Amino acid sequence: MISGTVVVATEICKGCELCIASCPQDSLGLSSSINRKGYRFAQLIRDNCTGCTNCALVCPDSAITVYREKKTAKRVPQTVIASHAA
Ligand code: SF4
Ligand code: SF4
């Protein structure tokens, strides 16, 4: 299973919201604070990013970097399996 996260270059972002509209997970939103240019900037608002890169691809200013990692499946302790099998 893949999970992801994004880093937004907040001083480059101009708050156009294209990335927000492109995110299938609704992971992004605009900040309540503004950058030095006076724009609210995009930020992660949920912890459900899949690392699909849609947001980075649509950003006209290349302000988003996406990081992906492979999540390892949770191991079920052998004792739990044994007790359920009985
Ligand atoms: S990488 Fe995909 S899931 Fe993650 S914030 Fe960007 S569009 Fe949304
Ligand atoms: S698409 Fe780029 S410039 Fe527009 S809000 Fe998102 S990060 Fe900012």
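**The two ligand shells and their setting**

Modeller: Around ligand 1 there are 15 residues, of which C23, C49, C52, N54 and C55 come nearest; a residue is counted here if its C-beta atom, placed from the backbone, lies within 6 Å of the molecule. The elements that give two or more residues to this shell are β1 (2–8) and α2 (54–58). Helices are DSSP runs of H or I with at least four residues, and strands are runs of E with at least two, numbered from the N terminus. This is a predicted model, in which local features need pLDDT of at least 70 and side-chain atom pairs count only at pLDDT 80 or more, while totals for chains, interfaces and linings use all residues. Residues are numbered from 1 along each chain as its sequence is written, and chains are lettered from A and ligands numbered from 1 in the order in which they are written.

By class, the shell of ligand 1 holds 7 nonpolar, 8 polar and no charged residues. In this scheme Ala, Val, Leu, Ile, Met, Phe, Trp, Tyr, Cys and Pro are nonpolar, Asp, Glu, Lys and Arg are charged, and the others, Gly among them, are polar.

Ligand 2 is likewise surrounded by 15 residues, the closest being C13, C16, C19, A42 and C59. Here α1 (18–22) and β3 (40–44) each supply at least two residues. The classes in the shell of ligand 2 are 11 nonpolar, 1 polar and 3 charged residues.

A residue is buried if 20 or more other C-beta atoms lie within 10 Å of its own, exposed if 12 or fewer, and partly exposed in between. Nonpolar side chains in soluble globular proteins tend to be buried together.

With its neighbours within four places left aside, I20 is in contact with L28, G29 and A42. I20 and A42 are 22 residues apart in sequence, yet their C-alpha atoms are 7.4 Å apart in space.

The strand β3 pairs with β2 (28–34) in the antiparallel sense over 4 bridges; pairing requires at least two DSSP bridges. I34 stands opposite R40 in β3. The hairpin has 5 residues between its strands, and G38 takes a positive phi near 95° there.

Two loop residues deserve mention. Most residues other than glycine have a negative phi. D26, in the loop between α1 and β2, has a positive phi near 50° and is exposed, with 10 other C-beta atoms within 10 Å. S62, in the loop between α2 and β4 (64–70), also has a positive phi near 50° and is exposed, with 10 other C-beta atoms within 10 Å.

As for the whole, the protein chain has 3 helices and 4 strands, in the order β-α-β-β-α-β-α. Buried residues make up 15% of its 86 residues. Of its contacts with a separation of 6 or more, 63% join residues 24 or more positions apart.

Technical notes
Contact = placed C-beta atoms within 7 Å.
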